[in-house]
Amino acid sequence: MRICIRGGRVVDPSQGLDGPAEIWIKGGQIEAICRAGAPVGGCQRDAQIIEAKDFLIVPGLVDMHVHLRDPGYEYKETILTGAEAAVAGGVTSVACMPNTDPPMDHGAVVEYVLRKAKEAALAKVYPIGAISRGLKGEALSEIGELKASGVVAISDDGRPVTNALVMRRAMEYAKGFGLPVISHCEEPTLSARGSMNEGEVSLELGLRGIPSVAEEAMVARDILLAEWTGCHVHIAHVSTAGSVRLIRDAKRRGVKVTAEVTPHHLVLTHDAVRSWDTDTKVNPPLRSREDVEALQEALRDGTIDVIATDHAPHARVDKEVEYELAAFGISGLETLVGLTLMLVERGVLDLSQWVTKVSLNPARILGIKGGTLTPGSPADLTIIDTNTSWKVDPANFRSKGKNTPFKGWILKGRVVYTLVDGRVVYKAGI
Amino acid sequence: MSEVAWQKGWWRKDLLSIKELSREEIQMILDTADSFKEISTRDIKKVPTLRGKTVITLFYEPSTRTRTSFEIAAKRLSADTINISVSTSSVVKGETLLDTALNLQAMEPDIIVLRHSAAGAPDMLARALKASVINAGDGFREHPTQALLDMMTVREKKGSLEGLLLAIVGDIAHSRVARSNIYGFKKMGARVRVVGPGTLIPRGIESLGVEVFHDLREGIRGADVVMALRIQRERLEGAFFPSEREYARFFGLSLDVLREMAPNALIMHPGPMNRGVEITPDVADGPGSVILEQVTNGVAVRMAVLYLLAGGTRGEDLH
């Protein structure tokens with residue numbers, strides 16, 4: 001049976017589309033997009049109609065940086081609860097990081113994750129393989145086998161690859177297999193044991209700081225290695241103005257580098273830590289006002305390609321401890337749309353740029369289907385009511401991770417439908 | 001250099017690299033080797049060509065095949081041979097390479113065959129010594145007689161190297177065999193590809209006029225000759241590739257993968273082989289494999305090189 005989504009505003013930068021249109025779906029794929037009101041050939045009476053009047057319809061969101069915690073830390077999240085959180089947040093595809101237990105450093109773990117994702121049958125899950133065996137930063141993992149098992153990139157996310165020679169070889173090897181290397185940029189000898197940004201707030205609070213330069217030193221190294229090896233490097237969760245400058249300069253030189261930023265680094269500063277709320281503890285840490293402004297500017301001018309959540313769910317037990325002992329991370333999937341549409345509302349991005357950053361670009365960087373509504377593409381799409389406001393209540397999160405510094409925030413923009421391969425996998429209780 | 005060789009147009013005192021040779025010089029060595037090959041099939045495998053000449057093999061790295069091949073070649077030409085290897089020499093007493101060589105020179109040898117782990121070592125000796133120096137492999141740089149025997153083998157099977165497509169698979173970065181063959185096959189008119197993981201293909205190798213492939217099937221598609229290189233597992237595993245298993249899966253020559261080659265393509269390996277890693281046993285022993293013929297031709301090529309560098313006036317006695 002066909003599905004017809006009518007009455008909404010369709011924004012799809014992959015085909016320069018922004019305006020009222022009807023979307024026809026057949027066999028899990030986009031069949032056609034027609035201008036609203038135009039007669040449709042072959043329109044059938046048995047088509048299922050989704051009324052999207054006054055709603056925004058966009059290609060399904062692609063979140064290229066999430067932690068699903070499964071296998072190993074199922075008390076924090078499982079592939080099922082993570083996938084439920086994804087579709088509730090309007091996300092149709094996620095790429096999940098390999099810091100599980102056992103880590104995704106060989107094919108069997110990747111196959112486990114893919115099987116669980118298939119059983120969940122909600123969001124599409126694309127595993128990211130480990131760069132090094134056991135995420136130890138020493139010997140290369142079986143990157144060819146990982147690719148054959150289905151990984152779309154490699155990363156030791158959460159654990160920087162400190163040995164530059166290992167990183168060089170990882171890039172040379174991954175390039176041969178056509179995989180991007182996603183780098184968590186942090187020089188651990190500089191960030192040692194810090195728990196927030198090093199600056200006036202850490203000074204005031206008496207907390208050990210993580211300096212900007214801990215990130216920037218590694219961004220610089222990995223850009224140079226990308227340039228030397230010709231490998232595509234994607235810089236995860238960029239958080240400082242200095243990193244932005246390095247990436248901007250590298251792109252100008254033609255280095256194959258892309259970058260992402262999280263919603264929380266775009267809207268919060270280290271001032272949030274004054275609350276002593278351990279849900280503000282995240283790595284890289286929330287930075288200064290100047291850094292936030294530089295990140296927003298970098299999104300606008302294309303230096304930063306992607307918004308990704310770094311969804312890092314934790315159990316209360318990981319967070320209900322002294323600030324210095326608390327786990328790093330924010331549960332981000334279910335606030336992605338609300339927080340980033342706020343940037344659109346404030347004029348940081350226009351809607352088309354927004355879709356590019358949350359859907360089109362991540363799909364292209366990972367080389368996966370999605371990010372577009374062109375006929376023949378999988379019918380992954382997100383329908384958003386941009387006029388309704390809602391209050392963030394972690395108790396309502398599908399994710400097991402209730403750790404959000406945005407609790408109590410009023411966000412405008414609410415996901416009403418999420419479709420994956422033409423199936424409604426999420427529908428808001430209206 | 002011998003008078004006969006000189007008349008043929010051979011001017012060199014030493015054989016240090018394929019890079020320095022002209023197409024004509026390579027041709028001359030291969031033609032000479034072709035004519036020597038028959039000697040090894042005789043009942044009495046000896047000619048007096050180099051009678052009274054002294055050949056020293058000086059090996060600073062372990063080797064069975066190359067050292068034996070040089071020794072047999074020299075003996076079949078009636079030269080006197082002395083073999084020196086690290087463990088039995090004064091090297092253990094701390095003597096420098098140059099001092100060792102000068103001492104040997106004082107005993108008036110005609111040819112020194114040197115294998116050394118340091119690139120450029122043969123060139124240093126060649127400059128310092130009156131004797132001819134043959135490079136039997138220096139570091140990652142060159143192994144000229146290996147490339148010559150490879151070219152001889154292919155020429156024998158295919159008639160000519162002109163227009164052939166050679167794919168060299170494996171650890172190009174640490175391979176003197178790869179470098180010598182790239183120079184040699186290209187000079188003789190063949191096209192050369194190198195195939196391997198990104199970690200084992202030296203950056204900028206395109207400047208030698210080769211095409212780079214990281215996918216084995218694509219890399220050997222249509223190849224007339226596929227050469228597998230030895231993987232030094234003890235040195236490379238973990239660092240340059242994740243595991244032997246993964247290497248074998250993505251870069252090992254197997255019967256399945258070889259369907260991509262041109263019909264009647266040749267399989268070569270400079271040895272020693274890791275069966276089951278860079279080459280499966282059924283490929284190593286299968287049709288198309290000329291691995292043992294390479295070894296046979298190694299003797300002929302080394303006879304030719306010894307002859308051209310030190311051949312006496314008895315060259316005409318050959319037949």
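This is a predicted model: local features need pLDDT of at least 70, side-chain atom pairs count only at pLDDT 80 or more; totals for chains, interfaces and linings use all residues.

Reader: What about the phi of A:His237?

Author: The phi of A:His237 is positive, about 25°, although the residue is not a glycine. Most residues other than glycine have a negative phi.

Reader: Which other residue has a positive phi without being a glycine?

Author: A:Trp276 is one such residue, with a phi of about 60°. A:Trp276 lies in the loop between helix H9 (263-267) and helix H10 (289-301) of chain A. A:Trp276 counts as partly exposed, because its relative accessibility is 44%, a value between the 20% and 50% limits.

Reader: And the peptide bonds: where are there cis ones?

Author: One cis peptide bond joins A:Asp70 and A:Pro71, with omega at about 10°. A:Pro71 belongs to the loop between strand S6 (61-66) and helix H1 (79-88) of chain A. Another cis bond joins A:Asp101 and A:Pro102, where omega is about 0°. A:Pro102 is in the loop from strand S7 (91-96) to helix H2 (107-120) of chain A. Most peptide bonds are trans.

Reader: Let us turn to the overall layout. How is chain A divided?

Author: Chain A has domain 1 (3-57 + 377-427) and domain 2 (62-366). The centres of these two domains of chain A, taken over C-alpha atoms, are 26 Å apart. Their contact draws 37 residues from domain 1 and 48 residues from domain 2.

Reader: How much area do they bury?

Author: Domain 1 and domain 2 of chain A bury about 3,200 Å² between them, and 65% of this is on carbon and sulfur atoms. On the domain 1 side, A:Lys400, A:Asn403 and A:Phe406 supply 21% of the buried area, more than any other three residues.

Reader: What polar links are there between the two domains?

Author: There are five salt bridges between domain 1 and domain 2 of chain A, and 20 residue pairs are in polar contact across that interface. Strands S1 (3-12), S16 (381-391), S17 (410-420) and S18 (423-427) of chain A each give at least two residues to the side of domain 1 that touches domain 2. S17(A) gives the most to that side, with seven residues.

Reader: You mentioned S16. What does A:Thr382 do there?

Author: A:Thr382 is in strand S16 of chain A and is buried, with a relative accessible area of 0%. Its side chain reaches the backbone oxygen of A:Gly90 at 2.7 Å. A polar atom of that side chain is also 3.5 Å from the backbone nitrogen of A:Leu61. Beyond its neighbours within four places in sequence, A:Thr382 is in contact with residues including A:Pro59, A:Thr92, A:Val415 and A:Tyr417.

Reader: Now the other chain. How many residues are in contact between chain B and chain A?

Author: 16 residues of chain B are in contact with 15 residues of chain A. The two chains bury about 1,500 Å² between them, with carbon and sulfur atoms giving 52%. B:Arg203, B:Pro242 and B:Glu246 supply 34% of the area that chain B buries against chain A, more than any other three residues.

Reader: And which salt bridge could I look at there?

Author: A:Glu145 forms one with B:Arg245, and their closest N and O atoms are 2.4 Å apart. The interface of chain B and chain A has two salt bridges and nine residue pairs in polar contact. The side of chain B that touches chain A divides into seven nonpolar, five polar and four charged residues.

Definitions and conventions. Residues are numbered from 1 along each chain as its sequence is written. Chains are lettered from A and ligands numbered from 1 in the order in which they are written. Side-chain values use heavy atoms; hydrogens and water are left out. Domain bounds come from an automatic or database domain assignment. Contact means heavy atoms within 4.5 Å. Buried area is the accessible area (1.4 Å probe) that two parts lose on being put together, summed over both. A salt bridge is a side-chain nitrogen of Lys or Arg within 4 Å of a carboxyl oxygen of Asp or Glu. A polar contact is a pair of N or O atoms within 3.5 Å; within protein, one must be able to donate a hydrogen and the other to accept it, and residues adjacent in sequence count only if both atoms are side-chain atoms. Helices (H or I, at least four residues) and strands (E, at least two) are DSSP runs, numbered from the N terminus. Buried means under 20% relative accessible area, exposed over 50%, partly exposed in between (1.4 Å probe, protein chains only). Ala, Val, Leu, Ile, Met, Phe, Trp, Tyr, Cys and Pro count as nonpolar, Asp, Glu, Lys and Arg as charged, and the others, Gly among them, as polar.
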